[in-house]
Amino acid sequence: MTEAQFIPKAYTNTVEQGKVTWESPSNIALVKYWGKKKNQIPENPSISFTLNNCKTITTLTFEKKEDTSDFDFEVYLDGEKKDGFKPKIETFFKRVEAYVPFLKDYKFVVETRNTFPHSSGIASSASGMSAMALCLMSVEKQLSSNEISEEYFNQKASFLARLGSGSACRSIEGDLIVWGENEVVKGSSDLFGVKYPYAVHDNFKEYQDTILLVDKGEKQVSSTVGHNLMFNHPYAQNRFAQAHDNLEKLKPILESGNLDEFISLIESEALTLHAMMMTSMPYFILMKPNTLEIINKIWAFRKETGAHIGFTLDAGANVHVLYPKKESEKILEFIKNELVGYCQNEQYICDQIGFGAQQVQ
Ligand code: DP6
């Protein structure tokens with residue numbers, strides 16, 4: 001697949017107006033995407049669990065307009081007009097316009113809401129951008145007289161989402177998604193996410209992700225800035241090679257269900273991600289003291305009880321606590337008793353591995 005294959009042929013249908021709604025989940029990377037080329041082409045492959053409960057629900061209303069010289073849209077979050085979101089969507093529209101050439105033909109109203117608390121520090125860009133991309137694909141489907149295969153629909157939705165935010169391309173489907181060309185996963189691509197095609201042990205069914213909200217504040221350094229700091233980073237090339245190795249190592253782990261090896265790999269990935277931040281120039285730290293308190297508590301509990309509890313981090317201070325469903329009773333009790341005290345306002349979110357976005361309307 002090349003970019004050119006996502007440029008549509010002339011549309012066969014005229015649509016005056018309409019309304020589509022998609023709900024799309026967030027995802028959490030096991031092998032991390034950190035470092036990119038132009039247009040969110042990743043420097044290394046990544047793999048993620050799609051989440052189930054942390055979602056964005058977006059309704060796109062569209063109506064044909066006379067003047068097709070520019071974009072025309074309004075954005076609402078939780079029913080309130082949000083002009084502050086417009087520049088991000090405008091940038092997205094500009095990036096995807098060549099692939100969805102109807103954008104200037106319609107006036108759009110974007111109404112969006114998240115199932116997780118606003119400004120919880122949880123990245124809403126993955127769920128938000130994927131929901132938006134799916135809405136645009138539903139419009140394209142109508143304009144194409146419904147003659148679009150499900151495979152093409154999902155691939156192109158992932159492709160468009162990637163142009164909005166790299167990790168968003170892993171939120172269209174579930175339950176394990178790989179993005180970035182590599183030798184391990186046949187059919188993998190830099191352009192869009194693909195479903196992990198190999199055997200996955202039952203240990204990973206309904207795998208739990210309890211997200212501990214350590215810091216809900218605005219991040220000091222955005223992901224985009226962080227990615228850019230991988231240019232000329234002294235350890236970048238080794239890191240990119242390591243991500244390929246880790247993906248290769250993960251394959252037999254996913255197949256055998258070896259949870260000890262799984263935990264070592266994901267925790268190393270999380271700490272490597274943050275080590276890259278600390279060794280950038282300028283350097284920065286996104287973890288907070290309570291992030292480290294939680295990590296140390298998890299390690300002590302694991303040592304004491306043998307429970308298969310592990311963590312990963314995204315580009316922030318929050319901790320994703322990952323564990324198998326069958327151990328959830330005792331681990332959740334530990335989380336409530338020992339970890340929640342380190343969260344801002346004791347806030348945490350219980351989530352688990354999910355199966356991707358769904359059309360609501
Ligand atoms: C640390 O997808 O948010 O969560 O492509 O610039 O929008 P942009 O970055 P983004 O980066 C996410 C980085 C990460 C790791 C990951 O999800 O793989």
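Which polar side-chain atom lies 2.7 Å from an oxygen atom of the ligand? I looked this up in the predicted model and found that the atom belongs to Ser 167.

Entry 1: Gly 166 places a backbone N or O atom 2.7 Å from a ligand oxygen atom. For Arg 170, I recorded a side-chain N or O atom at 2.7 Å from an oxygen atom of the ligand. I also looked up the cover: on its own the ligand has 460 Å² of accessible area, and the protein covers 91% of that area.

**Entry 2: the surrounding shell.** I noted 16 residues around the ligand. The closest are Tyr 33, Lys 36, Ser 165, Ser 167 and Arg 170. Sorted by class, the shell holds seven polar, five nonpolar and four charged residues.

**Entry 3: where the shell comes from.** At the level of domains, I noted that domain 1 (3-198) and domain 2 (206-352) each supply at least three residues to the shell.

**Entry 4: the annotated region.** I consulted the UniProt record, an unreviewed entry, which places the feature "domain: Mvd1 C-terminal" at residues 211-342. In the model, I found the chain over residues 211-342 to be 58% helix and 8% strand. The C-alpha atoms at the ends of this stretch are 12 Å apart.

Conventions
Residues numbered from 1 in each chain as written. Predicted model: local features only at pLDDT ≥ 70, side-chain atom pairs only at ≥ 80, totals over all residues. Heavy atoms only, no water. UniProt positions renumbered as here; feature names shortened; annotations may be inferred. Helix = DSSP H or I, 4+ residues; strand = E, 2+ residues; numbered from the N terminus. Near = heavy atom within 4 Å. Polar contact = N/O pair within 3.5 Å; in protein donor to acceptor, adjacent residues only side chain to side chain. Areas by Shrake-Rupley, 256 points an atom, 1.4 Å probe, with all protein chains shown as cover. Nonpolar A, V, L, I, M, F, W, Y, C, P; charged D, E, K, R; others polar. Domains from an automatic or database assignment.
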